[in-house]
Amino acid sequence: MVAAFAYLCFTVLAPWQLGKNTQTSRENAQIAHSLTAEPVPVTSLLPNQDSAAPDDQWRRVTATGRYLPEAQVLARLRMVEGEPAFQVLVPFAVDGGPTVLVDRGYVRPVQASGVPEIPPVPDGTVTIAARLRDSEGLVRDKEPFRQDDIQHVYSINTSQISAITGVPLAGSYLQLEGDQPGGLGAIPLPHLDAGPFLSYGIQWIAFGIIAPIGLGYFIYAELRQRRLEKAAREAAQTRPDAPLTTEEKLADRYGRRR
């Protein structure tokens, strides 16, 4: 049991927390860099339809093109500033570039989980400013569905949304900044906080080391105590009236001779 626990500490629990720390540190560095970097055209980072730019996440970009409102979808079960929200996603055909998914921002649910009326996107050609984002992983056991003529998803996953809508999408998506054409409630940047993941990872490593050491100590203490008891019994049988030895006194102290 202890061996299994130590194995999990070193192979699952510690790597899990240390991996989250690495991911958070990487994201914090990307956000910090984006705060001072000048915006670039999205086509410089996503030149082709199958392009993705994971190394440039959070980079500020500009794009000129038009929205494709007929393929709009809602991302469910989101939290924005600590409150439930829907995030509104719509493809955007970039002039001279790929079609990218744009996160317009968020709207709050009505009557617990109802979808509010969503303002339409502008017609025609517009220029938007946004931040480049990585496509999210899929949520297990949560399948997309359509309700009241609105498509719902649980992840901002460009491959899944492309398959649902039939619109080819680039691998990364765009998150609109505030006050943009077609924008809704602007999603704030994450706080630059490394979180507790590094300390948690170190704790799991320590637990993995301490557990077998503790087990070894208890085994040693138990064997030593048994040797003392055996020596005391043998001495009592051979010398019933003799003075107690040190081992016998120790055994008697812990109530072994009573």
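The exercises below concern a cavity and the aromatic pairs of a predicted model.

**Exercise 1.** State how many cavities of 30 Å³ or more the structure has, and describe the lining of the largest cavity by class.

*Solution.* 
1. Searching the whole structure gives one cavity of 30 Å³ or more.
2. The space in the largest cavity is about 30 Å³.
3. Its lining consists of Leu138, Val139, Lys142, Glu143, Pro144, Val153, Tyr154, Ser155 and Gln160.
4. Sorted by class, five of these residues are nonpolar, two are polar and two are charged.

**Exercise 2.** Classify the two aromatic pairs of the structure.

*Solution.* 
1. A pair of aromatic rings is described by the distance of the centres and the angle of the planes.
2. For Tyr67 and Phe92, the ring centres are 5.0 Å apart and the planes meet at 75°. Planes over 60 degrees apart count as edge-to-face, so this pair is edge-to-face.
3. The pair joins distant parts of the chain, with Tyr67 in strand β2 (residues 60-67) and Phe92 in strand β4 (residues 83-94), 25 residues apart.
4. Both Tyr67 and Phe92 are buried.
5. Phe145 and Tyr154 make a tilted pair, at 6.3 Å centre to centre and 45° between the planes.
6. Phe145 is partly exposed at 25% relative accessibility, whereas Tyr154 is buried at 16%.

How values were computed: Residues numbered from 1 in each chain as written. Predicted model: local features only at pLDDT ≥ 70, side-chain atom pairs only at ≥ 80, totals over all residues. Heavy atoms only, no water. 1 Å grid on protein atoms, 1.4 Å probe; cavity = no way out; pocket = protein on both sides within 12 Å on 5 of 7 lines; lining within 4 Å. Points joined across faces, edges and corners; volume = space filled by probe spheres on them. Nonpolar A, V, L, I, M, F, W, Y, C, P; charged D, E, K, R; others polar. Phe/Tyr/Trp six-rings, centres within 6.5 Å; stacked < 30°, edge-to-face > 60°. Helix = DSSP H or I, 4+ residues; strand = E, 2+ residues; numbered from the N terminus. Buried < 20%, exposed > 50% of the residue type's maximum accessible area, 1.4 Å probe, protein only.
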